[in-house]
Amino acid sequence: MTQNANPIKHQIYLSLPNDMYTQLTPKRVESPALLALNHDLLHQYGVESDWFEDVEGINFLSGNGDYSSSDPVAMAYAGHQFGYYSPLLGDGRAHMLGQIQTRDGNYVDVQLKGSGRTPYSRGGDGRATVGAVIREYLIGEAMAGLGIPTTRTIAILSTGENVMRDYQMVPGGIQVRAASSHIRVGSFQYAYAKSGESGVKALADHLIEHHYPELSDLDDKYPALLEAIGNRQAHLIAKWMLVGFIHGVMNTDNMSLVGETIDFGPCAFMDEFKAGKVFSSIDRESRYAWNQQANIGYWNLSRLAETLLPLFDSDDEQAIKIAETRLQPYVSTFQDAFQQGLKAKLGITSDSEIAEDLINHALPTLEREGIDFTLFFDALTRHAQGESDAQLLSLFSAPDVGQAWLSQWEQVRDRGEDVISAMRRANPALIARNHQVEKAIDDAMERNDFTLFHRLAEALKTPYDVSEDNRDLQAAPEPQERVLRTFCGT
Ligand code: AMP
Ligand code: MG
């Protein structure tokens with residue numbers, strides 16, 4: 001392979017039933033320019049960066065390329081949005097260019113987001129803003145740095161065209177998104193409605209072949225698939241919650257079936273802890289609040305299970321029983337993962353009654369005291385590592401309240417080296433703070449200044465270990481910097 005060859009050489013979705021996608025090319029744009037390229041990610045895949053920086057690559061990733069020897073598609077899916085079913089959503093502004101085969105043999109989807117209208121656009125313009133693609137880049141890097149499975153961004157481009165958002169013209173952007181899969185709960189809902197059992201079987205077989213090959217020889221592979229998807233989703237949501245992440249729009253079309261975080265438009269990491277925290281401006285009923293996410297995961301899996309029933313048993317009642325049995329483990333898997341994670345964050349291994357009491361009251365204490373989630377666990381970790389308790393105590397409303405909590409913790413904490421290093425791995429010092437992300441976007445949009453964007457993208461790769469130069473990025477927002485609402489802004 002020459003270094004300048006296009007590495008997007010596969011299109012695995014063409015083997016799905018052809019009502020699952022439309023073949024089409026992305027739409028041309030005025031004057032595309034590369035804003036950022038994720039060299040580390042390409043390196044991880046074992047792919048040279050040169051082609052992506054070349055005119056040919058930039059054109060291909062913006063809608064201005066030669067697509068004669070590739071097979072871009074827009075994918076069809078349905079979905080429950082905020083609980084209400086839409087029979088046809090689909091890629092309204094995305095084009096799946098195909099897949100890169102990575103050095104370890106896996107396929108990675110390469111999808112353009114913001115690449116023009118498709119048959120699934122409905123009233124939308126098919127475009128994205130530079131701001132939204134910057135946001136998705138940074139959050140994806142933050143999640144990856146935290147070890148949380150996620151879609152990521154290979155590159156972001158500006159289109160040289162403006163788009164209208166909230167009665168304003170803003171610069172248009174394209175995100176080159178990488179994902180292990182773009183099959184969603186909503187893909188199954190669409191297949192089920194469109195062609196029933198045969199459509200759902202094709203999707204399930206695709207998932208098993210590419211993402212759950214260990215199930216392929218089982219007699220009960222379809223029920224096992226539901227359970228395996230639930231298992232990954234339970235671990236994913238526990239991981240989100242343990243770093244204070246709120247996805248924001250967990251509609252069934254935004255839930256991947258391979259356990260990766262996807263479509264996190266109005267997502268946020270919370271600053272001060274609040275169990276019912278919501279940022280998204282469109283989540284008016286707090287359906288997707290921090291503490292609702294595990295329940296919603298179950299709700300979404302139940303919608304998936306409904307589509308799989310014909311594969312489980314020809315007898316409806318029997319099929320429903322099988323679904324219920326296979327959904328059940330999700331609940332305890334989530335609870336165990338969350339509880340274990342919380343114990344790791346607190347550096348506690350004891351199961352004593354007093355330890356349990358502290359664990360159960362830790363988060364309510366943070367909420368009552370209005371304490372920053374990340375700063376608290378970072379300060380606790382550093383104290384466990386031998387630093388003074390001054391920083392930790394300063395987070396409480398009054399020193400005696402902090403002192404009382406700390407002495408209870410001292411009684412139950414584990415002092416083992418391994419527990420303390422596990423505590424460090426459970427407690428990031430750095431998260432993608434809303435106010436920093438918003439500032440990076442403003443700097444880029446208003447002054448074409450990408451300094452903060454690049455600083456954040458770099459620093460978020462190692463969130464457990466912050467260099468002296470990046471200490472300022474750890475700070476919680478000042479009152480005037482606080483971001484109270486996030487917008488899709490897409
Ligand atoms: P999202 O909220 O980004 O997950 O999108 C929900 C649905 O709306 C998907 O079908 C998207 O493709 C579609 N959509 C979102 N924004 C646009 C847009 N600007 N143009 C066309 N379709 C869009
Ligand atoms: Mg979506």
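1. Let me start with a term: a polar contact here is a pair of N or O atoms within 3.5 Å; within protein, one atom must be able to donate a hydrogen and the other to accept it, and residues adjacent in sequence count only if both atoms are side-chain atoms. On that basis, a polar backbone atom of R127 sits 3.3 Å from a nitrogen atom of ligand 1. An oxygen atom of ligand 1 is 2.7 Å from a backbone N or O atom of G92, and a polar side-chain atom of R93 lies 3.4 Å from an oxygen atom of ligand 1. Ligand 1 has 480 Å² of accessible area on its own, and the protein covers 82% of that (Shrake-Rupley method, 1.4 Å probe).

2. A word on the basis of these values: this is a predicted model, in which local features need pLDDT of at least 70 and side-chain atom pairs count only at pLDDT 80 or more, while totals for chains, interfaces and linings use all residues. Residues are numbered from 1 along each chain as its sequence is written, chains are lettered from A and ligands numbered from 1 in the order in which they are written, and side-chain values use heavy atoms, with hydrogens and water left out.

3. Now the shell around ligand 1. There are 16 residues around the ligand, and G90, G92, R122, D125 and G126 come nearest (a residue is near if one of its heavy atoms lies within 4 Å). By class, the shell holds 7 charged, 7 polar and 2 nonpolar residues; Asp, Glu, Lys and Arg count as charged, Ala, Val, Leu, Ile, Met, Phe, Trp, Tyr, Cys and Pro as nonpolar, and the others, Gly among them, as polar.

4. D253 is buried because its relative accessibility is 6%, and N254 is buried at 11% (buried means under 20%, exposed over 50%, partly exposed in between).

5. Q328 belongs to helix α8 (residues 316–346) (a DSSP H or I run of at least four residues). With a relative accessible area of 44%, Q328 is partly exposed. Its C-alpha is 8.3 Å from that of E227, although 101 residues separate Q328 and E227 in sequence.

6. Finally, the domains: domain 1 spans 8–179 and domain 2 spans 348–413, with bounds from an automatic or database assignment. Their centres, taken over C-alpha atoms, are 43 Å apart.

Note on methods
Helix = DSSP H or I, 4+ residues; strand = E, 2+ residues; numbered from the N terminus. Buried < 20%, exposed > 50% of the residue type's maximum accessible area, 1.4 Å probe, protein only.
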